[in-house]
Amino acid sequence: MAILKTENLNYVYSQGTPFEKTAVRNVNLEIEKGEFVGIIGHTGSGKSTLIQHFNGLLRPSSGKIYLDGKDIWADKSQIRQVRFRVGLVFQYPEYQIFEETVYRDIAFGPKNMGLSEQETDRRVRATAQRVGIPESMLEKSPFELSGGEKRRVAIAGVMAMEPEVLILDEPTAGLDPKGRELILNQIKEYHKTMGCTVLLVSHSMEDVARYASRLLVMNRAEVFCFDSTAEVFKRSAEIEKIGLSVPQITRVFNILREKGIDIADDVYTVKYAKEKILEYLKSGGKLQ
Amino acid sequence: MIKDITLGQYFPGNSVVHRMDARFKLVITMLFIVMLFIGSNTISLEVGFVFTAMAYLCSSIPVKLIAKSLKPILPILAFTTILNLFMITSGMPLFQWKFIAITDEAVETSVFMIVRILLLIAGTSLLTYTTSPVALTDAIERLLSPLKRFKLPVSELAMMMTIALRFIPTLIEETDKIMSAQKARGADMDGGKIKDKVKAVIPIIIPLFVSAVRRAGELATAMECRCYRGGEGRTRMRQLKSGAADYVSLGITIFFLAAVIFINAID
């Protein structure tokens, strides 16, 4: 059964005023347990608004959201429980840090859940280790840390709640390539060891192509397509038409095919590309 | 929610009122306030009402917006009305129950005060509805500039006001974001006792202060990069220009003010 499901989801900002704007229109989708879903789309395409529905921060103007088959708005008083089960990491999450020490900031979520002292301690230490924060850093003030470290502390703050669904809104925005790699790998690792569902919003096609098994493409408040990564990048011409890019390697293969070379159209990682090229060369094909 | 605050919000447009010189609008608004407060009888208040209605007709600001701007002052209205109703004891009693009495004069004064406050808010809101904050601070700076002689840093004060106004929406947005982020971590914002409520504010206030200080630092650097060194000798891209419409409006306002003074005198 799908862990997250939406039914005719609509969201309108400032309803009934001159500034009325539909941010999410008629979204129907199902996300299976344990999936790693990439969400891409332009700024203002409604992806951030959409993900805030999944943990009940926004209430849909119309339509329903089901978590594990249950309508999350069926009982309003239970919405906090939904937020513990669906963890959401906002863009630039380091700006939400407020505690005196790193330890206490990571413990904020677990404490709100009403966990015991020991369980909180276990989770804080386990999560800190997971995101590469050494024990010695736990007693430091989070405001002394570097940007990348702060980001990891903030992500750990949500991870420590051990949500069944982890949603991250551009977790790598504004980081250097090394910091990006680090965070993405930690997310991947978390996904693998915890067996949870991960939704990753990103602007970088390379990133989502590498990590996600399915891609949700948003365009002008609507779902443009929701399919396996390979299937989505097969439609690279359409994707470029709505103003999004495709991974560089996909573009290289598109140009090769345009030149009349008969080669695979579902390439989106360099590793797979190498295989395909070798295969092609072995079968007697020429790249000239 | 927080976003619904309209008091002091600018609604761009291209009406006569929008295009007027901000200095004139500011002076007219001040005259309007004087007009409302020296008017001591019903007729003078009616004059004030006609004036406000005329101004709104010229401004093409939707009526719905007026209602919205009046909403936040409802508690104040209720408070003054209750005070007036029960504290004024002169006049004919209309209603009496034990020691509580409501007189005709009390009712009259309450209605008078309600209308006066409503007109005051509606009229002054029009200034901020039709004038961009930048134009408004410009106007204040120009009107205060004679005070430069007394070593008052008028330009700096105006710049501070501009910056403060500029950052109100930014900070509101930021607060919204931080609140959402903490809610996502299970912070309980709306339940509980007063002690819990105070505690719930900390996770919002601290990040907000941190980011405000950070922004201030960044802004200072950015201003220095563009060679800001105080208001001395600074020229402006948009000059305030006064035209026929401004003088006509000012004339009309003075006429109305004179009318109110006259009505008061013969009363």
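This is a predicted model: local features need pLDDT of at least 70, side-chain atom pairs count only at pLDDT 80 or more; totals for chains, interfaces and linings use all residues.

Biologist: Let us start with chain A. How many helices and strands does chain A have?

Modeller: Chain A has eleven helices and ten strands.

Biologist: What does the radius of gyration of chain A say when set against a compact globule?

Modeller: The idea is to compare the value with what a compact globule of 288 residues would have, which is near 19 Å. Chain A has 21 Å, which agrees. For the extents, look at the principal axes: the C-alpha trace of chain A spans about 65 × 50 × 35 Å along them.

Biologist: Now a single residue. Is A:L145 buried or exposed?

Modeller: Check its relative accessible area against the cut-off of 20%. A:L145 has 7%, so A:L145 is buried.

Biologist: Where in chain A is A:L145 found, and which residues does it touch?

Modeller: A:L145 sits in the loop between α4 (117-130) and α5 (147-159) of chain A. Leave out residues up to four places away in sequence, and A:L145 touches A:V102, A:M137, A:K140, A:K150 and A:V153. As for A:G56, it is 89 residues from A:L145 in sequence, and their C-alpha atoms are 31 Å apart in space.

Biologist: On to chain B. What does the domain assignment of chain B give?

Modeller: The assignment gives domain 1 (2-131 + 241-266) and domain 2 (156-225). The C-alpha centres of these two domains of chain B lie 33 Å apart.

Biologist: How much space lies in the second largest pocket, and which residues are closest to its centre?

Modeller: The second largest pocket holds about 980 Å³ of space. Its lining has 38 residues, and the closest to the centre are B:V134, B:A135, B:D138, B:R236 and B:R238.

Biologist: Which element gives the largest share of that lining?

Modeller: That is α8(B), with seven residues. By class, the lining of this pocket has 13 nonpolar, 13 polar and twelve charged residues.

Biologist: Why does the second largest pocket lie between the domains of chain B?

Modeller: Ask which domains supply the lining. Domain 1 and domain 2 of chain B both give residues to it, so the pocket lies between them.

Conventions
Residues are numbered from 1 along each chain as its sequence is written. Chains are lettered from A and ligands numbered from 1 in the order in which they are written. Side-chain values use heavy atoms; hydrogens and water are left out. On a 1 Å grid over the protein atoms alone, a cavity is a set of points where a 1.4 Å probe fits but cannot get out, and a pocket is an open set with protein on both sides within 12 Å along at least five of seven lines; lining residues have an atom within 4 Å of a point. Grid points are joined across faces, edges and corners, and a volume is the space filled by probe spheres set on the points. Helices (H or I, at least four residues) and strands (E, at least two) are DSSP runs, numbered from the N terminus. Ala, Val, Leu, Ile, Met, Phe, Trp, Tyr, Cys and Pro count as nonpolar, Asp, Glu, Lys and Arg as charged, and the others, Gly among them, as polar. Domain bounds come from an automatic or database domain assignment. The radius of gyration is taken over C-alpha atoms; the globule rule is 2.2 Å times the number of residues to the power 0.38. Buried means under 20% relative accessible area, exposed over 50%, partly exposed in between (1.4 Å probe, protein chains only). Contact means heavy atoms within 4.5 Å.
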